[in-house]
Amino acid sequence: MDKETIKAHKISDEEYEEILRILGREPNLLELGIISAMWSEHCSYKSSKKYLKNFPTKAPWLIQGPGENAGVIDIGQGMAAVFKVESHNHPSFIEPFAGAATGVGGIFRDVFTMGARVVASINSLKFGDLKDEKVAKKQKYLVKGVASGISHYGNCVGVPTVGGETNFDPCFNGNILVNAFALGVCKIKDIFYAKAEGEGNLVLYAGSKTGRDGLGGAVMSSDSFNEESKKLRPTVQIGDPFTEKLLMEACLEAFKTDYLIGIQDMGAAGLTSSSFEMAGRSKSGMRLFLDKVPMREEGMNPYELMLSESQERMLLCVKRGFEDKIIEIFSKWNLDCAVVGEVISGDKMELFWHGELVGLLPINELSENAPMLDRKVAKPKYLDEIKSYKFKLKQSAKELFLKMLSNENVCDKGFIYEQYDHTVQANTIKAHGKSGAALIRVKENKALLAMACECNSSLVYVDAKIGAALNVASAARKVACAGAKPLAISDCLNFGNPQNPEVMWQFAKSCEGIKEACERLNTPVASGNVSLYNETEGVSIYPSPTIVCVGLNSNENKGIKSHIDEAGLRLYLLGDTREDFSASLAAKVQDNVVAGELRELEYEKELALLELLQKANEKSLLKCANNVGLGGLAISLAKIFAHSSVGCELDANFKDEALLFSESASRAVVALKDEEEFLKLCADLDIKATFLGQSVDNNTFKLDSIELPLNELKKVYFESFRKLL
């Protein structure tokens, strides 16, 4: 095969030599395209799996960890929660509406292919600089397109989008991040897996017809951006949420039968990845008749059919003799469904086109034994240059407070989340706008599920290991502040070019931090995704591991509010406040730097705080709880009272008012009616509790020297983002 064709498929010389060894011959174009997709970074995790295999993935409540379409945890009374977070970064930069919409659709399918009804969605979004005239117009276009795409898809399918985060930094000017998370619930006994086993059983295709949209999507997502990337719109899939809704209902109906052996979503690399993964996991062979695949366009060929990433499609393995029963179910929902193959003995994928064998590939070596690269790593040079930074307040606390409150990384993003329907399905207890985790009710077992995301890229830029661990801890703390016990995480690891040793160093250290934090906090990794090559013209994004933590409260009446609606509540700051300004919002807003050295996370203090919040909630002692995170105590309190109907008179009594903006970890703010029992709990768990003051029945926000009318605070908080956009 000529070198240009091989290069166009992003196959290295070493990989091509390995292909020749595996096949014992030259591949044809169809086979090369299939291997290219299977061995792409997006599908094979060839640069990252060396590190991912070290993650903790076991716990008594963890039913299914990484390796399936989504993770599964036991949530009591025979019920399970199924969840995963995944990226759609490159497509969303090229075509924001379609890219974000199909990212949502893809993560929904990952969840309901496990047998669960999707009941909630959240997202983590990163955009570039909204104030730099050179890029602001493009970034605002991307914000609007992504928000519209997410809302369009989720609203049409009828899945509530209940939470998330949106952040901005110049490092994302050339590569935005769109990470979508979905959670579903089902009975434990009804969980389905992606398998194709039993010689003679049939392979069925169900859902939308296959078109040419999305061709090369997995390979495109495994490469950096440059001027040529602007021509990549054909690689972005086009979604149809109404078809997705029908597909979910049809699948859930099919799951109730005894005819289905396994099922797999056709996501990245389409029919290629789904067929190889199902057969590979089952140690089976498979024969596909590609001319039987329902087609949307005329003149399609085997290459296009195997690599198209058309949306809303599933591959099913069905007991022979019952295929008509399954076809009948999908036909009832007005969906295409056809027999396209069968399970065979051995380890080969046989591809036929109108009776002719056009492809013959070994399954195991491609699906289970893709290359694992040992990339070079090197500590980034910039780290030595930023260590010496020390923060010193250069203006009044009130001046800095107002600048931070109006900053796009703090102020309310109502423009975005108001487009999302968060009430559909009638199970949402706490959603957008309120700080911290979202809460939904599980009617089947009268429990609450909390979910919170955290992706503070600045922390990871300054110290990849500690920063990643802090993100894990913050997500867990948000869940605990909502009244739930953190149980597991899903991660989406967004990094730059893995061929850059400094990027791989960041990746390796971040994985160390996630591993350590998940082990110490007892929140194993249930599922995840890796997105590399987030680089444009040689400039990589900040390392950005998105962590989504899921937690459980078995009592649906025990959720904790994150705002205050009555005067006379007494507020306490839990935990130690120290001079932690490295990579802080205060440093960014005042000095325009992301610099410093991070303090190690003290796991014993973090665990004690999680335990305190859980025990206090069980005793119904907490009227309100909030994590202290970005912007420190001052911003956390501002968010609480921006959403509250009463004012406050508070005094932290810090030795230096700059500490109001410190971002020390393992801290929370709580509001109480009666302190005696709560303070005893704090003493038992050795947690420092600092009395701040109380909520008052007036229109004032007062915190030390920061004092302003509550309606002025609300105006700055709620209107700044709309004005900027």
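User: A nonpolar core is a set of buried Ala, Val, Leu, Ile, Met, Phe, Trp, Tyr and Cys residues joined through side-chain atoms within 4.5 Å. Which residues of the largest nonpolar core touch the most other members?

Analyst: This is a predicted model, in which local features need pLDDT of at least 70 and side-chain atom pairs count only at pLDDT 80 or more, whereas totals for chains, interfaces and linings use all residues. Residues are numbered from 1 along each chain as its sequence is written, and side-chain values use heavy atoms, with hydrogens and water left out. Buried stands for under 20% relative accessible area, exposed for over 50%, and partly exposed for what lies in between (1.4 Å probe, protein chains only). The core has 123 residues, and those touching the most other members are Phe401, Ile514, Leu637, Phe641, Phe661, Phe678 and Phe701.

User: Which helix supplies the largest share of this core?

Analyst: Helices (H or I, at least four residues) and strands (E, at least two) are taken as DSSP runs and numbered from the N terminus. Twelve residues of the core, its largest share, come from the helix spanning residues 464-481, namely α19.

User: Which residues does Phe401 touch, not counting those up to four places away in sequence?

Analyst: Phe401 is one of the residues that touch the most other members of the largest core. With contact taken as heavy atoms within 4.5 Å, its partners are Ala634, Ile635, Ala638, Phe661, Phe701, Ile706, Leu708 and Leu713.

User: How many residues apart in sequence are the parts tied together by Arg722 and Glu418?

Analyst: The side chains of these two residues meet in a salt bridge of 2.7 Å, N to O, with Arg722 partly exposed at 40% relative accessibility and Glu418 exposed at 52%. Since Arg722 lies in helix α25 (residues 710-724) and Glu418 in the loop between α17 (414-417) and β14 (428-430), the pair ties together parts whose separation in residues is 304.

User: How many disulfides does the structure hold?

Analyst: A disulfide requires a pair of cysteine sulfur atoms within 2.5 Å. The sulfur of Cys251, a buried residue at 1% relative accessibility, has its closest cysteine sulfur in Cys337 at 9.3 Å, which is too far for a bond. Cys624, likewise buried at 1%, is in no disulfide, the nearest cysteine sulfur being that of Cys481 at 8.8 Å. The number of disulfides in the structure is zero.

User: Which residue in the turn between β12 and β13 has a positive phi?

Analyst: Two strands pair if DSSP finds at least two bridges between them, and strand β12 (residues 348-353) pairs with strand β13 (residues 356-362) in the antiparallel sense over six bridges. Within this pairing, Leu351 stands opposite Gly359 in β13. The strands form a hairpin with two residues between them, and the turn residue with a positive phi, of about 50°, is His354.

Methods:
A salt bridge is a side-chain nitrogen of Lys or Arg within 4 Å of a carboxyl oxygen of Asp or Glu.
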